[in-house]
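Please read it alongside the sequence and the coordinates.

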Amino acid sequence: MDLLALGNNGWGDELFFATLMTIAVSITAMIIGFCFALIFTPLKLSKNKFLNFLGNSYTTIIRGVPELLVIYLLFFGGSGAVMYVASIFGYNKYIEINAFITGSFAIGIISGAYSTEVFRGAIQSIDKGQFEASKVLGLKKPIYFLKVIMPQMLRLAVPNLSNVWQITLKDTSLISVTGLVEIMRQSYIAAGSTRDPLFFYSFAAVLYLLLTFLSMKLINRLENKYRRGY
Amino acid sequence: MDLDLMVSSFPKLLNATLVTLKLLSFSLIFGLILGLFFAILRLNKNIFLNKFSYFYSYVFRGTPLLVQIFIIYFGLGQIEFLRSSFIWIILKEPYWCAIIAFSLNTGAYTSEILRSAFETINKGFIEAGDSLGISKKIIFYKIQIPIAIRQSLPAYGNEIILMLKGTSLASTVTLMDLTGVAKYIISTTFKPIEVFIVAGGIYLFMTFIIHNFIRYLEKKYSY
C-alpha cells in the first residue's frame, strides 16, 4: 500500500490524476465521435451513390483497421498535416500538436465510426409510418427530425451507445503509446521506477474495471429515462 | 505520395502479416476452447462455478487488452516461483505471452457469445430429444452445440475481426507483427500515410475475407 501513498513518496495522486485524464480523453473522444457521426450518418443514409460511398468507406476502413495503426497515423502524420494546411495560409514554422488533442482525435475518429453505425441502425429501425404521419400533419423537416425522430432514435441508440462508450474507454489505453499520461502510461512509468509491474498493471486493471462499472451504472439510469413510456 | 516506398514496404509488411495470422489463429483456437468451457460453466447451476465464469468474463471484458498483455508479459515475471518453474520457458517469450493474453481475452467474449446462443435455443428441440429417449449427453453434443454454433456465427465473426485488430497490440511487447513493422517503417521514413495505406489495405483485405467466409458459413448452415 506504500506504493499508493499520496505526495512524493507514492503513486496515489499521480494515478488519480491519470484516471481523470483517461476520463477526460474518453469524453472528448466520444464528443468528437458524435461530431463525426453527425456528418457520416446522413451520408450513409443518403440515396446519392457518391455520398453513400463516402459514408460507407469511413465506417468500413476505421472498423477494419487496428486502432493502434490509426493512432500511429495521426501521431506521426498529424503535425505534418496541420503544418501543410498552415503553409497554405503562409505559416511555415514548426507546429507541434498536443498529445491530448492527437489522442482524443484518434480515438474520436474510431468511436465515431461505431457511433455512426449505431445511429444508422436506430434511424433505420424507426417505422416508416412516422415519417408519413408527420408529412400528413405538415410538420417541417427540422421539427420532424427533432420532435419525432430524435426521441425514438435515442431510445434505440442509448443501449448501443453504452457499448461504444465502453469500447472508447478501453481504447484510450492505446494512446499511452503517444506519451499522454493517462492510466496506462502512468502505470508504465510507476512500474519502471519501482520495478513492480505486476502491482501497477493490476491496479490499472482495477481502475479500468471501476470506470466501466461506474459508467454502466450511470448509463442504466439514462436508459431508463429514455425508455419511459415503453 | 511516395509510390516507391509503398512498393518496397509491401513485401516486408506481407511477411509480418504471417506473424499476425499465426497470432490470430493460435488465439482463436485457444480462445474457442476457453470460451466453450466457460460458457458451459455459466450454464451450470452450481452458484460458485457460475459466479467464477461470470467474474472471468467480466474482468476480461471490462479491462483493455493492453493491460492484460502488460500484466502477463511484464507482471508475471515478477513472481519468483513462476520464474523458477517450467512455465517460465513459455512466459519469457513475448510471443506466447501475447497469445495467452489474446486467448484469455477472446475466450471471455466467446463465452458470452456462446452462452447467449445456448440460452436462446428453442426449448422444444431439447424436449423433443428428451421425449425420444435420447440421453442428456447426446442431446448436448448433437443438438445444443450445433444449434448454438450456428446461432453464434454472426457474433463470432465480429469477434474474429475484433481479434484480428487486437493482435496489433502484440507490437507493444516487441513482436514484429503487421502493425509493429508498419510502425517501424513509419518511424524510420516519416511517411505515415503511405505505410498506413499499405498496412491498412492488408488488414482490410483480411477483414473482407473473414467477413465473407462467415457469411458463407451462415448460408451453408442456415435452416
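Although B:T174 is not a glycine, its phi is positive, at about 70 degrees. Most residues other than glycine have a negative phi.

In chain A, A:R195 likewise is not a glycine and has a positive phi, of about 55 degrees. A:R195 sits in the loop between α7 and α8 of chain A and is exposed, with 7 other C-beta atoms within 10 Å.

## Basis of the model

The model is predicted: local features need a pLDDT of at least 70 and side-chain atom pairs count only at pLDDT 80 or more, whereas totals for chains, interfaces and linings use all residues. Residues are numbered from 1 along each chain as its sequence is written, and chains are lettered from A and ligands numbered from 1 in the order in which they are written.

## Architecture of chain A

Chain A has eight helices and zero strands, so that from the N terminus its elements run α-α-α-α-α-α-α-α. The C-alpha trace of chain A spans about 70 × 50 × 25 Å along its principal axes. Of its 230 residues, 37% count as buried. Among contacts in chain A between residues at least 6 apart in sequence, 73% join residues at least 24 apart; two residues are in contact if their C-beta atoms, placed from the backbone, lie within 7 Å.

Helix α1 of chain A (residues 12-45) has 34 residues and should span 50 Å at 1.5 Å a residue, which agrees with the 48 Å between its end C-alpha atoms; the expected span is 1.5 Å times one less than the number of residues. α1(A) bends by about 25 degrees at A:L38, and the proline A:P42 follows within four residues. This bend is the angle between axes fitted to the seven residues ending at a residue and the seven starting there.

## Packing of α6 and α8 in chain A

Helix α6 (residues 141-171) of chain A packs with α8(A) at an angle of about 170 degrees, their axes lying 10 Å apart. Axes are lines fitted to C-alpha atoms, for helices over the stretch in contact, and angles run from 0 to 180 degrees between N-to-C directions. The two helices, α6(A) and α8(A), are therefore roughly antiparallel, the term for angles over 145 degrees.

Residues making this contact include A:L154, A:V158 and A:W165 of α6(A) and A:Y208, A:L211 and A:I219 of α8(A). By class, the contact has ten nonpolar, four polar and four charged residues. Ala, Val, Leu, Ile, Met, Phe, Trp, Tyr, Cys and Pro count as nonpolar, Asp, Glu, Lys and Arg as charged, and the others, Gly among them, as polar.

## Interface between the chains

In the interface, 26 residues of chain A are in contact with 32 residues of chain B. On the chain A side, α2 (49-64), α3 (67-88), α7 (183-194) and α8 (197-227) each give two or more residues, and α8(A) supplies the largest share, nine residues. By class, this side has 19 nonpolar, five polar and two charged residues.

## A buried serine in chain B

B:S57 lies in helix α2 (residues 47-62) of chain B and is buried, with 21 other C-beta atoms within 10 Å. Not counting residues up to four places away in sequence, B:S57 touches B:F38, B:A108, B:S111 and B:E112.

Notes:
Buried ≥ 20, exposed ≤ 12 C-beta atoms within 10 Å, placed from the backbone. Parallel < 35°, antiparallel > 145°, perpendicular 65-115°, else oblique.
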